[in-house]
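Student: I would like to learn how to read the features of this model. Where do we start?

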Amino acid sequence: MRFLVCLLLVLSTSLTMLAADEIRPDFAMESDPVLKIPEPVVGFSKKLKPLWLSALARPEADLQRLSADTIAQAHSFGVPELIEAAPLLKKIVTADSTQPVARFAAARALIVLDAKEAASDLFDVSQQHGADLRQLIEPTLAKWDFKPIRSVWQRRLNAKETRHRELLLAIHGLGATADDSAVPLLLSLTQDVQQTSATRLAAARSVGRIRAAELEADAERLSQTKSATIVDRLCAVALLDRHTTEPAQRVLLRLARDLEPSVAAAALTRLNAIDHDLVVPLAEKAMQNDDAPVRQQGVEAFAARPTPERVAVLARLLDDPHPKLRGRVRDALFDLAKKPDLESAVRESATLTLAGEQWRGQEQATLLLGALNHKPAAPRFVNLLESDRGEVMIAAAWGLRKLAVRETLPAIFSKATQQTEALLKNANSTEIELQVAHLFEALGLMQHLPADVLLRRYLPKDSRLGEFSRSAAIWGLGHMHAGRADEPLAVLMVERLTESPAAIPFEFTRVRWASAVSLGRLRATSQVPRMREFLGPAVSPVVTSLAIRWAINEITGELLPNAKPMVISKTGWFLESLDNDD
Amino acid sequence: MSFRRQFVRRNWFWPRVAIYAICGWLLLAGHVESEEIKGRVGYSIAMVSPYGVDAYVPNKWGSLNVQLVNPTREPLELLSTTYFEEEPTLQFGRRVWIPARSRMETWHPILMPNIAADAKRFNLRSLVMDAQKAREVLIRSDSGYLQLDAVLRRAEALPVTALIDSLEESPTAESEAAYELVVASRLQSNLNQQVKLLSDRMLPTGEESLQAIDQLVIADSRIVDDGAGLSAIRRWLYGGGRVWVMLNRVDPLVLERLLGDEFSGEVVDRTGLTTVRMESSSASGGERWSQEYEQPVDFVRMVISEVDVAYSIDGWPAAFWKNCGEGRLLVTTLGPQGWMRRRAASETSAPDQGKYALLAPLQDLIPALFMPRPGPLLSEEMLEPQMREYVGYSIPSRWLVGSLLIGLCVLLAVFGFCLWRAHRLELMGMIGPGLGLSVSLALVLAGQHQRSAVPASVTSLQFVQAVPGTDDIRAQGVVGLFAPEAGTANLAGERGGWLMPEMTGLKGTTRRMVWTDLGTWHWENLLETAGLRSATLQQSGTTSERIEARATFGPTGVVGRLHGAAGHAPSDVVLATRDGRIGVNIHNDLTFVAPTDSVFTAEQYLSAGLLTDEQIRRRRTLLQLLTNPQRRDYPGSAQLLFWSDPWDLGFRFSESSQSFGATLVAVPVQWERPPLGTEVAISAPLLPYRATKGPDGEIPSALWDAKQHTWQEKAAPSATWLRFQIPSVLLPLQVQRARLTIQVAGPVGKLEIAAYREPDVVTLKTWIDPVGTLELDITDPGFLNVSADGGLLLRVSGGDSDRPELTDADLKLEEKRSFWQIEVLTLDLHGKTAAYPKPE
């Protein structure tokens with residue numbers, strides 16, 4: 001499990017997504033330098049559309065269905081001008097002889113194409129050709145605010161014999177179109193205990209979408225009695241979805257204390273949306289709730305209305321069992337630390353958590369204090385390098401790199417050496433691999449020359465050493481020897497960069513571009529021809545190529561033309577041309 | 001018009017078969033060699049590969065992907081046809097139009113042949129022809145081949161489980177978890193790890209395309225966009241499939257589209273649980289489990305009605321079942337990680353154990369998911385004899401036969417007399433046989449004339465089931481194809497499904513079932529012999545008007561209206577449940593009444609007193625349907641059963657064929673609550689009961705077996721509390737009076753009925769040595785308390801402990817032990833609908 005967590009953590013760190021709203025143990029090498037890959041563009045053959053239109057015009061239901069579905073899918077992928085298929089699709093939708101499967105596919109294609117001009121036809125067929133079509137079409141008609149359907153929905157609310165799904169379609173539709181005239185009927189459905197729970201809740205949600213006032217009494221009636229069911233209370237919260245009045249707040253405040261977490265969470269969410277001050281008195285208790293969404297609302301209130309005391313309460317949730325919630329607390333505290341009156345409270349609270357024994361708290365406090373560049377935490381970070389939790393030992397290594405306290409260099413070097421021995425003994429641990437990578441970045445950035453030999457051990461291919469540690473070592477060597485032409489090192493690096501892609505075992509892409517970047521930092525003029533040769537005639541939209549471009553610019557000052565976006569051709573359609581575009 | 005059943009094969013049947021076989025060969029393959037060069041278009045013309053569920057099981061339908069290429073500058077119509085090495089004369093094909101200079105992917109159903117038990121693959125061979133030419137012309141591929149050989153792997157182990165998962169190229173941890181959970185579930189059921197991943201974006205249409213699979217797990221929402229695929233799944237589910245929807249990964253829209261009006265749920269919110277506290281909802285008392293997780297487990301909190309919640313978390317359903325026709329749907333709202341745990345290294349000594357082990361709650365659920373598919377409600381063997389009763393032709397009349405025989409006798413007498421007078425009686429040795437032969441010949445000729453005078457006919461016996469909550473119907477049945485002369489049969493389908501003739505005697509003839517569009521197919525070169533050939537049919541489709549029966553309760557019984565059957569003239573209507581049947585009076589406007597005084601006896605299946613021939617056949621079919629020992633679960637809910645003329649299911653036959661037969665239609669009853677204060681009468685078939693623990697703590701005995709629906713024979717005194725279930729649509733209900741009817745056989749000695757009136761159990765009636773049908777009217781509502789969920793308790797006890805000699809044998813005298821048994825026990829109720837309790 002821990003392995004999975006670490007792997008996901010690493011994979012989520014994309015080269016092109018370096019903006020860090022969320023504090024995470026990212027790698028410095030990924031943003032130094034910034035190598036921006038041009039966004040790929042999707043390419044399509046111009047011959048596809050005529051082919052699909054010709055198939056769509058055929059009488060066979062199979063071809064109509066497949067063509068319509070393909071057009072819908074291709075439109076989603078970005079194939080241009082497929083709206084030209086709308087007349088044919090309309091014809092299929094409206095023809096009496098059309099088979100149901102073809103009609104469904106054609107109707108769906110019109111919806112995907114956002115062919116609002118077909119709304120009237122879609123409305124007609126949805127009322128004539130069965131429940132499946134109604135389920136497909138009516139939500140779209142609501143989105144398009146197609147007014148003629150409102151009377152149909154109103155009739156359904158009135159009619160006793162209305163079928164369940166059609167009733168729900170009407171409820172959702174009237175809610176989506178904010179038809180105020182439907183409120184009395186929707187309210188009666190909400191209050192009708194003979195209706196199913198789903199119907200009542202849907203009706204309440206629709207009323208809540210329509211009305212922003214005057215439903216306080218209804219919500220009160222639904223929720224105030226001792227015998228009010230969970231559905232009653234959920235309906236009451238839903239009714240007040242857009243209310244801000246004092247009576248509404250009173251009902252919501254009562255429901256926010258509900259023992260049922262789904263009710264409490266919904267009420268707290270609404271109260272937070274009205275005014276965080278309303279939740280503040282409840283927040284501390286909410287943060288002790290078993291239910292993560294309830295705790296989250298408490299966090300939001302304290303984060304929005306912080307005081308030094310509330311910061312201390314918030315910091316306790318750095319050890320929350322729910323990873324997203326403790327991450328949210330960490331990021332909220334980071335933002336709060338920017339306020340002068342709260343900075344010390346945040347640092348103190350985080351330091352307290354860091355000193356604790358709970359691994360979740362240790363991890364989050366490390367990330368927080370690392371991001372805050374809280375140098376007094378460095379000794380504790382060194383201690384935590386020894387944690388048996390992967391998340392903590394990785395965060396500690398990252399934190400030491402962020403703090404860059406030179407006094408920690410011996411400890412960092414010692415740990416990196418120790419972990420290298422572990423890796424070479426086939427420890428095969430992703431956690432160690434990632435920790436070593438962060439430590440190497442720290443050693444490189446702080447130019448700790450005694451580590452030079454250790455880092456050089458990572459240059460040759462070795463199946464025991466992983467992609468991250470090797471690339472970080474090479475990147476670190478670049479920083480360590482920046483501006484100092486070290487010819488033997490440059491030769492080793494250029495060999496890593498230019499090794500044949502066919503070589504087995506293959507060389508990691510990350511190692512290649514780290515080598516290119518470090519060659520640039522070394523100002524390895526002698527290696528420019530080999531780099532140019534490997535680059536080829538033009539810069540490709542891949543990270544290795546962009547790294548070489550950057551390095552050549554660093555060494556020679558020459559800025560090669562940037563890479564053109566990669567064209568991705570989508571294939572695998574049911575009907576394709578044998579010919580290429582002219 | 002009706003015909004008598006009789007059929008005699010002609011002596012020259014086999015020569016005729018041979019002639020048609022030769023003709024068929026000439027038609028389907030004979031021209032190939034001479035025309036192949038003309039047909040060459042110089043390209044790799046086709047490729048066949050697995051499609052759809054990619055599960056192939058002998059004698060079941062599968063789907064075949066066909067990729068065809070048109071390299072010419074003009075549109076082409078191509079025919080791709082495929083046959084198996086094991087059955088080379090039975091072909092399945094697809095005829096399709098392809099634009100110029102293009103490549104098209106299409107597919108068609110294919111019926112897998114029977115292969116050896118140890119065979120692991122089906123070897124198939126495909127041919128491609130130019131379908132525009134009058135004569136069939138094979139097209140040669142670029143590499144010079146006229147035929148394409150391919151292999152389909154046989155499903156390794158049954159049952160087959162398929163998974164609809166995300167099509168993302170990089171699998172997420174969640175999608176891997178879904179897969180691992182399905183694998184662990186199979187392993188738990190002592191099956192192999194093989195799970196079929198449905199990787200096509202769109203599923204094949206038609207229920208038959210899913211025939212090879214037994215369980216379908218839905219862990220991705222993409223089928224919402226595939227209307228035809230979703231319809232196929234729905235029909236397959238209602239036909240007996242097992243579907244598992246992982247709602248933590250699936251949009252509830254999937255359930256809405258799958259179940260239509262039968263789905264009544266709304267998501268409240270979605271959350272992640274780091275502590276899972278699960279509770280069983282079993283009647284025997286909820287067991288509890290608690291588990292901590294570092295990574296939160298997805299959980300969907302939803303409100304849902306009309307389902308059987310199996311497990312819940314903090315009161316919210318975590319897993320629930322829903323009966324869908326003959327199939328079952330399992331929905332889990334908790335993420336996969338909440339149902340399994342990773343095996344410790346010490347546990348994985350055996351490689352086939354898998355990485356994960358199921359936690360106790362899913363171990364409990366899985367057996368029902370992996371249960372074998374239920375057998376058909378009405379099998380081919382049940383229907384065929386009755387179908388044959390519709391088929392036949394008139395034989396020469398008695399008058400003609402009698403006249404000929406009398407004439408023969410007269411002639412023999414006259415000749416005998418004359419020859420006797422002429423003393424040439426020895427000539428009778430020649431004349432007698434000659435006359436006999438002449439009369440025989442005359443009879444044969446008359447018989448032949450009679451048979452050839454009967455036109456070709458198609459008789460069918462169909463069983464149509466409306467899929468509740470949707471506009472769908474499912475039909476199965478048998479068809480009899482009667483031909484007076486041999487020839488080629490015209491058989492086609494326009495609305496999907498299939499009609500598969502019995503192929504005895506046709507192995508030497510090449511036959512081909514060709515699809516020309518979705519659900520549109522025809523048979524080519526299907527030999528038709530003189531006489532009757534049976535065929536099985538299956539079809540599912542959508543009706544323009546939903547077929548449904550909406551009913552409620554009134555003072556005289558059930559009243560309602562049948563919708564969507566206006567064109568079918570329903571007759572012999574019956575309201576059937578597992579607990580009995582009620583005769584239904586239906587009016588011209590399709591309103592109906594099932595009065596309480598029309599409850600059938602155990603042997604009664606139709607209202608009519610004196611049954612016609614047709615009604616006798618209908619009665620027999622109903623008897624087989626409702627007492628099928630393999631399907632004691634049917635009907636799971638109240639069904640309105642009615643008869644009509646054969647429905648047009650889109651199958652087409654020779655234009656000259658006449659049509660006969662009947663259709664039995666089963667429509668699930670949709671109950672509606674009567675207005676407040678309505679007097680209602682509930683008859684016994686609508687009041688199912690089960691043995692239960694009594695309010696006095698008495699444990700139920702094995703007197704009543706609710707599963708088998710039988711009362712057990714007893715030699716000793718025995719008693720049990722019975723819980724009668726009042727239809728939920730009537731709740732809350734004020735019960736005013738009840739009538740209990742009971743029949744006992746054997747020396748029970750004493751029979752006693754009791755009820756509970758807090759705080760005592762009160763005996764209502766005691767019979768000593770009861771005989772015949774006993775009735776007990778309970779008029780004191782105090783004894784008829786109904787629980788909030790509609791349960792009404794009565795206690796029945798039999799046997800007399802003071803007189804053990806009634807049943808106990810005196811072994812010394814070698815007497816046999818005697819048994820008593822309750823044969824019938826029913827309850828009829830009268831009451832009034834009450835108001836819901838008002839909030840305090």
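This is a predicted model: local features need pLDDT of at least 70, side-chain atom pairs count only at pLDDT 80 or more; totals for chains, interfaces and linings use all residues.

Student: How many of the residues of chain B count as buried?

Tutor: Chain B has 840 residues, and 44% of them count as buried. Its C-alpha atoms fill a box of roughly 100 × 90 × 65 Å along the principal axes. For contacts in chain B between residues at least 6 apart in sequence, 73% join residues at least 24 apart.

Student: Which elements of chain B touch chain A?

Tutor: Interface size is often given as the accessible area lost when the parts come together. Here we can count residues: the contact takes 43 from chain B and 52 from chain A. On the chain B side, the elements that give two or more residues are β5 (102–111), α4 (227–238), α5 (252–259), β12 (265–280) and β13 (288–304). The largest share, 7 residues, comes from β12(B). By class, the chain B side has 15 nonpolar, 13 polar and 15 charged residues.

Student: In which sense do β3 of chain A and β5(B) pair?

Tutor: Strand β3 (residues 575–577) of chain A pairs with β5(B) in the antiparallel sense, over 3 bridges. A:Glu576 has B:Arg103 as its bridge partner in β5(B).

Student: How do I read two packed helices?

Tutor: Two packed helices are described by the angle between their axes and the distance between the axes. In chain A, take α21 (residues 359–371) and α23 (residues 390–403): their axes come within 9 Å and cross at roughly 15°. Angles under 35 degrees count as roughly parallel, and α21(A) and α23(A) are therefore roughly parallel to each other. Their crossing is left-handed. Residues making the contact include A:Trp359, A:Leu367 and A:Ala371 of α21(A), and A:Val392, A:Trp398 and A:Leu403 of α23(A). By class, this contact has 9 nonpolar, 4 polar and 3 charged residues.

Student: Which residues of helix α6 of chain A are buried?

Tutor: An α-helix has 3.6 residues a turn, so residues three or four places apart point the same way. In α6 (residues 119–128) of chain A, the buried residues are A:Ala119, A:Leu122, A:Phe123, A:Val125 and A:Ser126. They pack against α4 (86–94), α5 (100–112), α7 (131–143) and α8 (148–158) of chain A.

Terms used: Residues are numbered from 1 along each chain as its sequence is written. Chains are lettered from A and ligands numbered from 1 in the order in which they are written. A residue is buried if 20 or more other C-beta atoms lie within 10 Å of its own, exposed if 12 or fewer, and partly exposed in between; C-beta atoms are placed from the backbone. Two residues are in contact if their C-beta atoms, placed from the backbone, lie within 7 Å. Axes are lines fitted to C-alpha atoms, for helices over the stretch in contact, and angles run from 0 to 180 degrees between N-to-C directions. Helices (H or I, at least four residues) and strands (E, at least two) are DSSP runs, numbered from the N terminus. Angles under 35 degrees count as roughly parallel, over 145 as roughly antiparallel, 65 to 115 as roughly perpendicular and the rest as oblique. A crossing is left-handed if the near helix is turned anticlockwise from the far one by less than a right angle, and right-handed if clockwise. Ala, Val, Leu, Ile, Met, Phe, Trp, Tyr, Cys and Pro count as nonpolar, Asp, Glu, Lys and Arg as charged, and the others, Gly among them, as polar. Two strands pair if DSSP finds at least two bridges between them.
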